[in-house]
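Here is a short briefing on one structure, written for a reader who is new to the subject. Look at the sequence and the 3D view first, then go through the points by topic.

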Amino acid sequence: MNIAVPTREQREAKLEGMGCKRKRVEDIRFTQGKGNYVDDVKLPGMLFGDFVRSQYAHARVKKIDDSKALKVPGVLAVITAETLKTVNLAWMPTLAGDVQMVLADGKVLFQNQEIAFVVAVDRYAAADGVEAVEVEYEDLPVLVDAFKALAPDAPLLREDIKDKMTGAHGPRRHHNHIFEWSMGDKDLTDAAFAKAEVTTKDVISYHRTHPSPLETCQCVASFDKIKGELTVWGTFQAPHVIRTVASLLSKIPEHKIHVIAPDIGGGFGNKVGAYPGYICAIVASIVTGKPVKWVEDRIENLTATSFARDYHMTTEIAATKDGKVTALRVHVLADHGAFDACADPSKWPAGFFNICTGSYDFPVAHLVVDGIYTNKAPGGVAYRCSFRVTEAAYCIERAMDIMAQKLGMDAAEFRLKNFVRREQFPYHSALGWEYDSGDYHTAMNKAMEAVGYKQLRAEQAEKRAAFKRGETREIMGIGISFFTEIVGAGPSRNCDILGVAMFDSCEIRVHPTGAAIARMGTKSQGQGHETTYAQIIATEIGIPADDIMVEEGNTDTAPYGLGTYGSRSTPVAGAAIAMAARKIKAKAQMIAAYMLEVHEADLEWDIDGFRVKGLPEKSKTMKELAWAAYNSPPPGLEPGLEAVSYYDPPNMTYPFGAYFCVMDIDVDTGVYKIRRFYALDDCGTRINPMIIEGQVHGGLTEAFAIAMGQEIRYDEIGNVVNGSFMDFFIPTAVETPKWETDYTVTPSPHHPIGAKGVGESPNVGGVPCFSNAVNDAFAFLGTRHIQMPHDYWRIWEVAKGLGLHG
Amino acid sequence: MDMSGERRIAASRKKVWDALNDPEILKQCIPGCESLEMQSPTDMTARVKLQIGPVKATFNGKVKLNDLDPPNGYRITGEGSGGVAGYAKGGASVHLTDDGAGTLMRYDVKADVGGKLAQLGGRLIDSTAKKLADEFFEKFTTLVGPMPAAAAAPAIAVKKVGWLKRWFGRKDPLPASR
């Protein structure tokens, strides 16, 4: 009998650990329609709630008449602010330290604001009930334009805080002012500008857009009056935070609240916040004693739950004539809508926007952000990015291009000249961050070579000459972006949300047969945690990834964690996994030493078990050690093989990347073609290259959408004029360009496995890259900064404005 | 939304003026009007059923006549709520002048539409408004002073004319790649 001993390669391959292009295990159920989403939760006797919403952007609510609604068959109750006041829930705290109306209390401040919650036996009856509620309004002057918010005669929006001139982030200087936040050294920056050889100053706006996940926000609340327990199934990116907030608000003890986030169909930041729908469903369940479901429709999602961006960034760069940057000055007018409900850690009212020095070595910088109220939906979430990082990357990457143009320098050369150099890491930025690691020159040079940058510029020069000679109506743009992200929120010394520190957690139990379950404080919305987390454990403790189940989203079983957003899962929870796995490995080593009758120090790890140094035939696999851990542990050692780790990261991680876009634009039609898009990402250690590629494809597609047309637009009376997928740009396979991906690897020095996070990089780097391509295409005709989004019509308008249409 | 136009009506200015102040005539002319009641010589309440694009709604509204200058014209203003469908408010200045044996009626309309109507029907509001105006005047002309077919052709000039101009001159940008 000849039994083949598996080779080292075979043993390693069997684990499907880190670096393996392991197929996504969750796709088995998703591709067969067997996912279990909130709307799949169906409980006996379940009721449905639906909102009466404001038609006005700003109006006094004079009367809510529910008498006809209550006569609609199947309608059981109509909840208004007056009802909620009896339980002290007419207003709720926001994640940003403001308060927000749950249901309109006297007035409405944005279109589609929640006014009343109709509870009925089914969805249809609830909708009929909503139609039958009569609301009498008295319209008020509407404030839509952020630049008019702080005018002395601007309409007063927030009557509730009109005399409260100190907000959660310090003094307010106007009734529509929320906060002023500043970072950096003003005096040194002003001095650098005063003696600068060349300066630029531009208002660079990042328009209002929306994360628009495929599945909208929804929940089912079920209150058990006998046990006094509340169970909430919901689309929560951060289920534990929801449980804590629900407990603080409802006064139900936290152990009697069960929050379950089942499968989630995309989040992108939209599902971080707490919404009136959740509160109303919970109250309705407590009132009726029955489970209550609330499911947003598409218009409600686009117009009422958290938007993203709406940042107007006045950006100034100072530089020497030969192209060395000397200072950066940025003022942001941040439009937060009617309530400050943006999702940023407590100490950072503008998130990590102070990463806006980007990948460049600015000796000094100064940043001021003014948050303001307008008659628009509240929010300001990080749509596929860490807090305000896409805004910062767009700001600096556009401004660097503008400066290069003014200096007459090549945009790539200008960047190479100003990059933070490899030997400068860890690098302390002028606005207060410590960049952990990076190698920007290597990445940029690799990317330039891959796209044939020199040849592209030569081709562009020829095309421009041909255009000027009238031989072609097409112009060519080369977009460059070199972004540095800041992800993995975050170290408890500077990151918390409502006082809850932003650590994350993992609990691993290895079963006697050597299979395992890992429970996490994060929550996948499509990122593939079940696949990648298992790979980390596989490599760390030598159990095949297929033998490891990853479970998230149930607050009763999962260890406390802050959830998934801001690319924090791998940097924070990924580290917790490695640390928990290492605790297990340490115990396994003790067991192995006992079984092999050697000292622990005489053992070495070998793929899937321990072996005696110098005696490779004397070994114990993890599977054997797991059995022994339960059934024959060494004397004095308690049985079992499990570990919990809570990881408080020492620093953020700083992924970076070099993106190039080649675009051809027909000036007569405004139609663009993206000829090429190349994305090089450095996310440190790569756990699953296939998932990384998928993440990059998805992020680039969203970046493409945002840069080229995706916008939430308001008319002058506060109507959202593109609140459905008829008008809101969601690219399909037809519009989406082909993506080329590439990478370098610069591991994070402080992360247990060196990983940095990647899910959001392509959105952060992609948007400026597309926008720079459009701007670059027109630059030789005399444009300086063309605002996003760049849809065909707007591009056509630019060409028309330049007199290109004869 | 702005809209202006003129119509020739084969009736005396006095007759046209009276018709413009007659709720029974107005009720028959306003498309979808289910009721129109005079509360005072200048105030009316109306109930109108309308569909704009995918949104169907019954509007309950108030109509007021201002700047009465018989028989030369008035300004008619109104606002109506369509419940969850949204709201509309606005006004029209109507001027009557003699035109041979008939009367020339000029009007300038300015209206704001809000709520779901504006969100979903945004692209259709201008064209629907024009269609409704056509229907109104067709009926009004038929009732008050029918003209020979050629002369009765609508002379409405919506500010944004022609499909090309409507397409490119629109305030709404097109989605990026459709």
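A:Asp310 sits in strand E17 of chain A, which covers residues 307-319. The phi angle of A:Asp310 is near 75°, a positive value in a residue other than glycine. The model is predicted.

**Cis peptide bonds**

- The peptide bond that joins A:Ala489 and A:Gly490 is cis, and its omega is about -20°.
- A:Gly490 belongs to the loop between strand E23 (474-484) and strand E24 (496-497) of chain A.
- A cis peptide bond also leads from A:Met788 to A:Pro789, with omega near -15°.
- A:Pro789 lies in the loop between helix H17 (761-779) and helix H18 (792-801) of chain A.

- Strand E29 (residues 603-605) and strand E30 (residues 609-612) of chain A are paired in the antiparallel sense, over 3 bridges.
- A:Glu604 has A:Arg611 of E30(A) as its bridge partner.
- The hairpin of E29(A) and E30(A) has 3 residues between the strands, and A:Ile607 in this hairpin takes a positive phi near 65°.
- E30(A) is also joined to strand E31 (residues 615-621) of chain A; these two run antiparallel, with 4 bridges.
- Which residues of E31(A) are bridge partners of A:Val612 and A:Gly609? For A:Val612 the partner is A:Leu615, and for A:Gly609 the partner is A:Thr621.
- E30(A) and E31(A) make a hairpin with 2 residues between them, and A:Gly614 in the turn has a positive phi of about 80°.

**Domains of chain A**

- Chain A is divided into three parts: domain 1 (8-34 + 504-647), domain 2 (41-140 + 215-265 + 271-303) and domain 3 (389-489 + 652-801).
- Each domain is listed with more than one stretch of residues; domain 1, for example, takes in 8-34 and 504-647.
- The C-alpha centres of domain 1 and domain 2 of chain A are 41 Å apart.
- Contact between these two domains involves 20 residues of domain 1 of chain A and 19 residues of domain 2 of chain A.
- The size of an interface is often given as the accessible area that is lost when the parts come together.
- For domain 1 and domain 2 of chain A, the area buried between them is about 1400 Å², with 51% of it on carbon and sulfur atoms.
- There are 14 residue pairs in polar contact between domain 1 and domain 2 of chain A, counting pairs with both residues at pLDDT 80 or more.
- On the side of domain 1 of chain A that touches domain 2 of chain A, the residues divide into 6 nonpolar, 10 polar and 4 charged.

**Salt bridges**

- Over all chains, the count comes to 73 salt bridges.
- How many salt bridges are there between domain 1 and domain 2 of chain A? The count is 1.
- A:Arg29 and A:Asp263 form a salt bridge through their side chains, at 2.7 Å from N to O.
- This pair links distant parts of the chain, as A:Asp263 and A:Arg29 are 234 residues apart.
- A:Asp263 is in the loop between strand E15 (257-260) and helix H7 (276-288) of chain A, while A:Arg29 is in helix H2 (residues 27-30) of chain A.

**Chain B against chain A**

- In the interface of the two chains, 25 residues of chain B are in contact with 32 residues of chain A.
- Chain B and chain A bury about 2500 Å² between them, and 50% of this is on carbon and sulfur atoms.
- The interface of chain B and chain A has 1 salt bridge.
- B:Lys89 forms a salt bridge with A:Asp139, with the closest N and O atoms 2.1 Å apart.
- Between chain B and chain A, 6 residue pairs are in polar contact, both residues being at pLDDT 80 or more.
- Strand E6 (87-99), strand E7 (102-114) and helix H3 (116-121) of chain B each supply at least two residues of the side that touches chain A.
- Which element gives the most to this side of chain B? H3(B) does, with 4 residues.
- By class, the side of chain B that touches chain A has 11 nonpolar, 6 polar and 8 charged residues.

Terms used:
Residues numbered from 1 in each chain as written. Chains lettered and ligands numbered in written order. Predicted model: local features only at pLDDT ≥ 70, side-chain atom pairs only at ≥ 80, totals over all residues. Heavy atoms only, no water. Domains from an automatic or database assignment. Contact = heavy atoms within 4.5 Å. Buried area = accessible area lost by both parts, 1.4 Å probe. Salt bridge = Lys/Arg side-chain N within 4 Å of Asp/Glu carboxyl O. Polar contact = N/O pair within 3.5 Å; in protein donor to acceptor, adjacent residues only side chain to side chain. Nonpolar A, V, L, I, M, F, W, Y, C, P; charged D, E, K, R; others polar. Pairing = 2+ DSSP bridges.
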